[in-house]
2 protein chains.
Amino acid sequence: MLKINSNYKQLKDSYLFYETAHRLADYQKEHPDKNVIKMGIGDVTRPLCPAVVDALKKASEEMGVAETFRGYGPEQGYDFLREKVRDYYAEREVELELSEIFISDGAKSDCGNILDIFSKDNLVLVPDPVYPVYVDTNVMAGRRIIYMDANESNDFLPGPGEFEPGTSAEDAAEGPDLIYICSPNNPTGAAYDREQLKEWVDYANEKGAVILFDAAYESFAEGDDIPRSIFEIPGARTCAIELCSLSKTAGFTGTRCGYTVVPHDLVRDDTELNALWLRRQTTKFNGVSYVVQRGAEAVFTPEGRMQIKENIDYYKENARVIMDALEDLGIWYTGGVHSPYIWFKCPEGMDSWTFFDFLLKEAGVVGTPGQGFGNNGEGFFRLTAFSTRENTEEAMERLKKVLAK
Amino acid sequence: MLKINSNYKQLKDSYLFYETAHRLADYQKEHPDKNVIKMGIGDVTRPLCPAVVDALKKASEEMGVAETFRGYGPEQGYDFLREKVRDYYAEREVELELSEIFISDGAKSDCGNILDIFSKDNLVLVPDPVYPVYVDTNVMAGRRIIYMDANESNDFLPGPGEFEPGTSAEDAAEGPDLIYICSPNNPTGAAYDREQLKEWVDYANEKGAVILFDAAYESFAEGDDIPRSIFEIPGARTCAIELCSLSKTAGFTGTRCGYTVVPHDLVRDDTELNALWLRRQTTKFNGVSYVVQRGAEAVFTPEGRMQIKENIDYYKENARVIMDALEDLGIWYTGGVHSPYIWFKCPEGMDSWTFFDFLLKEAGVVGTPGQGFGNNGEGFFRLTAFSTRENTEEAMERLKKVLAK
């Protein structure tokens, strides 16, 4: 008699965006004429840039002609795209071999799938607040999870050893096997600097742990002090895997392309993790659509780079509008500078969901309650810079108005 | 200290296509002027049909305009495509709900990923010879595997109870929990008829097992007696999951789109498997590229249907050329009628690899040695109908010539 994976029974319902959508729907039903501004979900709004659209169309044409048609491609991605990714890293003096770069259909897929190569018995460390996928994918595999203590006092950038209260002394001493770091962070927008990341790399190397570094928001990082790749940090090649995505970089949330870097120097149990991941991907994946890979290639051309920068600057200016409003209001926040997310303290001591309702009903603005990302998110709130300029400005005017009351 | 998934150490090297490519490369190095005809790999050669190319281009254009741009889509796929799949099944009087259809980036991905929802303790039954992915994905999870005995005497279509010699009496009596059926089959091209599939459905329902039905080659099935979906069989809704792909149907091997059907009636451990799969997909997948889904939608339009039929008919005519040659030569074969694969007995008692070398060196034709698909494949050989007509005819002329010697 077949049995299911009983770990699925341990999953909590994915309540957050379901509940925000539900409360929004109720409100809109009661107030059909109200113009509600949505700054909750982390999805982009600007269209694909012309260089990408042209590449997609050209590749589609090629697929219709026998001489240029492509069947099965390499599961790891075409070299034309891997070379572009390699060169992109080389700009920051990160030298990668092509065989260390795996093209994927997005960071979310790889974030789940990469766990296949690790033992179920590994102890996992995730930040609180957290992107829920890190937790759910490990619960599905039956792994035990402990939490970093990200909070206002450490600017939501916990270092090694900053475990959440309640972590057993044994787990704290022994240390985790798998460490999730997302920087610039989702949901908080906070970004580790070079020195802070070095501490994590040293810790992981010392413990024999592996860092899963989520670099999905790297293109929002500004200046030289905030690494855009963990491989900018000495020592990372022996302890880190990097997951990246073109979703936020180039508006690929609906186009689906990313990449994962697994250095050959990353060895555990006398085994190159690169070889394991290659085996996983060649067995359970058949590569990303050729057409999409050509679109992704265009992101890295000089023309594409210029065009996507315009979009990122647009979102960053939205973030600036939000930050200015919070500063005017004297509200504590982080994020926004290196990130499309602004994470702030709910005003007047409100809890996350009370402020969600307040903001929706009083200002007609939808955000995301911090509590939905973990206990440490209680009393905080996330707004995204992915709306239009007009809506962002209007939303901030409304926020200022209702809080001035 | 992090540990890897030690099951990966149990994987056998994926030797088959590596070795055939290696022997081919050696031969070509020695005979650079020889025109070698490749009929080994199951990849298509005909380009995407015009309806699909037009749809891809149109969708690419939409992505470049703010008003029609699409960000994150539903992980299960857009309704516009799921409706087309539903209607396609309805033509064969299979009624599906939209929520039973999950759009994927191909059957290979889902074939691996679906295992996530099942316990590691389930006993797995696969045919021998077998598409290696069924085996490797289960080895990675640490599941125990037993084999069906597909052979010449049952036309490579084993029924329930036909286990390979060496299967323990206990396993045979207890029966498997997960059953893989691929029909029309890869690698043999053999296809179960309605009555034979009914035996499997009844067996699975009786044992509480789940059939993973690989329908990737359904569009090659001819006539009413060969089901194109397991859901054409009464009782399948309580015991089967169907994996399907547009790779062979519409030449999507490099474009990547398929679908998986999980009926709501399929319940194990008091849990709807549909709900588990939905949770897996929403957690570890972010849907198929919008552009690709529009391309897939075009496959199901009247225009698309007509155009893909031309391609399938072309390949089927190639299969006919191969079958005619084998009949002329008096060689036993199966497949070819409902399949792009022809599976035949190596002539003159040669083993699979001896015949591979013979065919390459004497005739300049590359195929796939049956032994590479399992012990029962020894002494058999696979040719595919995915080449051009000219090459297929030329290859068969050469085969007839070298065997007439």
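In chain B, four strands make up an open sheet with antiparallel pairing, ordered β11-β12-β15-β14. Strands here are DSSP runs of E with at least two residues, helices are runs of H or I with at least four, and both are numbered from the N terminus; two strands count as paired if DSSP finds at least two bridges between them. The edges of this sheet are β11 (333-335) and β14 (368-369) of chain B, each with a single partner strand, so one side of each is left without a neighbour in the sheet. Two bridges link β14(B) to β15 (residues 380-384) of chain B in the antiparallel sense, and Pro369(B) has Phe381(B) in β15(B) as its bridge partner. Helix α12 (residues 352-363) of chain B packs on the sheet, where it touches β12 (341-345), β14 and β15 of chain B. Contact means heavy atoms within 4.5 Å. The direction of α12(B) makes about 45° with that of β15(B); axes are lines fitted to C-alpha atoms, for helices over the stretch in contact, with angles from 0 to 180 degrees between N-to-C directions.

The model is predicted, so local features need pLDDT of at least 70 and side-chain atom pairs count only at pLDDT 80 or more, while totals for chains, interfaces and linings use all residues. Residues are numbered from 1 along each chain as its sequence is written, chains are lettered from A and ligands numbered from 1 in the order in which they are written, and side-chain values use heavy atoms, with hydrogens and water left out.

Chain B also holds an open sheet of seven strands with mixed pairing, in the order β2-β8-β7-β6-β5-β3-β4. Here β2 and β4 (144-149) of chain B stand at the edges with a single partner strand each, so one side of each has no neighbour in the sheet. From one strand to the next, the twist averages 20°. Strand β3 (residues 123-128) of chain B runs parallel to β4(B), joined by six bridges, and Leu123(B) stands opposite Arg144(B) in β4(B). Helix α3(B) packs on this sheet against β2, β7 (240-245) and β8 (258-261) of chain B, its direction making about 120° with that of β2(B). Helix α9 (residues 273-284) of chain B lies across β2, β6 (210-214), β7 and β8 of chain B and runs at about 30° to β2(B).

Turning to the interface, the contact takes 76 residues from chain A and 76 residues from chain B. The two chains bury about 6,300 Å² between them, 56% of it on carbon and sulfur atoms; buried area is the accessible area (1.4 Å probe) that two parts lose on being put together, summed over both. On the chain A side, Leu2(A), Tyr72(A) and Arg279(A) lose the most area to chain B, together 12% of what that side buries. Six salt bridges are counted between the chains, each a side-chain nitrogen of Lys or Arg within 4 Å of a carboxyl oxygen of Asp or Glu. One of them joins Glu61(A) to Lys57(B), with the closest N and O atoms 2.5 Å apart.

A few backbone features complete the picture. The peptide bond from Asp128(A) to Pro129(A) is cis, with omega near 5°, and Pro129(A) is found in the loop between β3 (123-128) and α5 of chain A. Another cis peptide bond joins Asn186(A) and Pro187(A), with omega about 15°.
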